[in-house]
Amino acid sequence: MKEEMIKVLAVPPREKPYEMEIPNTRKAMEEIVQGDVEAYEFNDCVLVRKRNGSKDGSLPYRKIPIYDSNIVYGTYFLCNASNAFPPRFTGLTSLSSKQIEIYTKNGGIPLKYQKDKTNFREPER
């Protein structure tokens with residue numbers, strides 16, 4: 001059953017990640033990322049970002065290995081998925097309280113990348 005509202009962790013450029021509850025609709029997701037959305041499934045969560053963010057002037061923000069790029073541009077958010085990849089935006093679900101705590105502490109970086117099972121951490125400054 002589709003959750004009407006989902007808890008996500010929004011990760012805006014140059015700001016701390018924060019928890020928010022959003023309607024489980026594509027339109028609400030597009031408002032957060034400020035454009036058309038695409039999703040990438042990791043072992044531990046789903047990252048939803050703006051499609052083609054590098055081509056529209058969005059700020060490069062995080063280096064996270066994903067299929068087509070190593071850079072995430074603009075705001076993205078983390079959530080879960082209840083169905084098999086690729087998430088169809090109807091199977092997205094809330095993060096648990098524990099996931100929100102962990103991702104907030106590590107700056108909104110997914111812990112494991114599904115393809116090669118490598119842990120990624122925010123680079124030390």
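With a relative accessibility of 36%, aspartate 36 counts as partly exposed. The structure is a predicted model, and six salt bridges are found in it.

*Arginine 26 and its two partners*

- The side chain of aspartate 36 forms a salt bridge with that of arginine 26, at 3.4 Å from N to O, and this pair links distant parts of the chain, since aspartate 36 sits in the loop between H1 and strand S3 (37–41) while arginine 26 belongs to helix H1, 10 residues apart.
- Arginine 26 also meets the side chain of glutamate 30 in a salt bridge, again with 3.4 Å from N to O.
- Because glutamate 30 and arginine 26 are four residues apart in helix H1 (residues 26–33), about one helical turn separates them.
- Glutamate 30 is partly exposed, its relative accessible area being 26%, and arginine 26 is likewise partly exposed, with a value of 35%.

*Arginine 49 and glutamate 38*

- A further salt bridge brings together the side chains of arginine 49 and glutamate 38, with 2.8 Å from N to O.
- Arginine 49 is part of strand S4 (residues 46–50) and glutamate 38 is part of strand S3, so this pair ties together parts that lie 11 residues apart in sequence.
- Both residues of this pair, arginine 49 and glutamate 38, are buried, whereas aspartate 36 is partly exposed.

Note on methods
Residues are numbered from 1 along each chain as its sequence is written. This is a predicted model: local features need pLDDT of at least 70, side-chain atom pairs count only at pLDDT 80 or more; totals for chains, interfaces and linings use all residues. Side-chain values use heavy atoms; hydrogens and water are left out. A salt bridge is a side-chain nitrogen of Lys or Arg within 4 Å of a carboxyl oxygen of Asp or Glu. Helices (H or I, at least four residues) and strands (E, at least two) are DSSP runs, numbered from the N terminus. Buried means under 20% relative accessible area, exposed over 50%, partly exposed in between (1.4 Å probe, protein chains only).
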